[in-house]
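Trainee: I have just opened a new structure and would like to learn how to read it. Could you walk me through it?

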Amino acid sequence: MTQTLVLPADAKAIDTCTAELAVAFQRQIDAATVKIYRETMSDVPLWAIQEAALTLRRKGGAFFPTAPEWHRVAEQLIQDRTREALASRPATDVLHECDGCRDTGWCDVERDGRQVCIPCSCRPTNHAYQRMTKSSRKSQNEEL
Ligand SMILES: [Zn+2]
């Protein structure tokens, strides 16, 4: 029994990528090869499959890219994109449990005309603060 992991439209798109790779590398491929490549790539999002195929075509080489090679390039693209997405996420997207101290446990307040840092009143109830201090305490202990 063969389980189809991809939508029919995606399967067709993967097959197209495989055919294009074959053209780019000047190879004759048979239906069995197309099927194996489709199955190998079926757990990867289509955009990554297509970008990886293009990357491999541009990279070139003496040999037609193997299915695992194509899969590896696609996974690398997904990792890169995830990292970029996380890095480019604006800081304002981060939600703080406490807006007063932004979960640092310290508040800037004005006392007698000066800015001073005081412990925030949220400390006993702020989970983000407690988690942070617990983990920093833990890593300090590990360093000792
Ligand atoms: Zn606070």
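Predicted model: local features only at pLDDT ≥ 70, side-chain atom pairs only at ≥ 80, totals over all residues.

Trainee: In what order do the elements run from the N terminus on?

Mentor: They run α-α-α-α-β-β-α.

Trainee: How should I describe a pair of helices?

Mentor: Two packed helices are described by the angle between their axes and the distance between the axes. Here, take α1 (residues 8-24) and α2 (residues 31-41): their axes come within 9 Å and cross at roughly 120°. The two helices are therefore oblique to each other, and α1 passes α2 in a right-handed crossing.

Trainee: Which residues of α1 and α2 meet?

Mentor: From α1 come Ala11, Ile14, Asp15 and Thr18, and they meet Val34, Tyr37, Arg38 and Met41 of α2. The residues of this contact divide into five nonpolar, one polar and two charged.

Trainee: Which residues in α2 are buried?

Mentor: Tyr37, Arg38 and Met41 are buried there. Seen down the axis of α2, its buried residues fall within an arc of 100°, so they line one face of the helix. Their cover includes α1, α3 (46-59) and α4 (67-87).

Trainee: Back to Ile14 in helix α1. Is Ile14 buried or exposed?

Mentor: Count its neighbours: a residue is buried if 20 or more other C-beta atoms lie within 10 Å of its own. Ile14 has 24 C-beta neighbours inside 10 Å, so Ile14 counts as buried. Also look at Ala53, 39 residues away from Ile14 along the chain: the C-alpha atoms of the two are separated by 9.4 Å.

Trainee: And how much of the chain is buried?

Mentor: Buried residues make up 16% of the 144 residues in the chain. Among contacts between residues at least 6 apart in sequence, 55% join residues at least 24 apart.

Trainee: What about the loops? What is the phi of Gln26?

Mentor: Gln26 has a positive phi of about 55°, although Gln26 is not a glycine. You will find Gln26 in the loop between α1 and α2. Gln26 counts as exposed because it has 7 C-beta neighbours inside 10 Å.

Trainee: Where does Asp103 lie, and is Asp103 buried or exposed?

Mentor: Asp103 lies in the loop between α4 and β1 (106-111). Asp103 is buried, with 22 other C-beta atoms within 10 Å. Asp103 also has a positive phi, about 65°, although it is not a glycine.

Notes. Residues numbered from 1 in each chain as written. Axes fitted to C-alpha atoms, helices over the stretch in contact; angles between N-to-C directions. Helix = DSSP H or I, 4+ residues; strand = E, 2+ residues; numbered from the N terminus. Parallel < 35°, antiparallel > 145°, perpendicular 65-115°, else oblique. Left-handed = near helix turned anticlockwise from the far one by under 90°. Contact = placed C-beta atoms within 7 Å. Nonpolar A, V, L, I, M, F, W, Y, C, P; charged D, E, K, R; others polar. Buried ≥ 20, exposed ≤ 12 C-beta atoms within 10 Å, placed from the backbone. Arc of directions from axis to C-beta.
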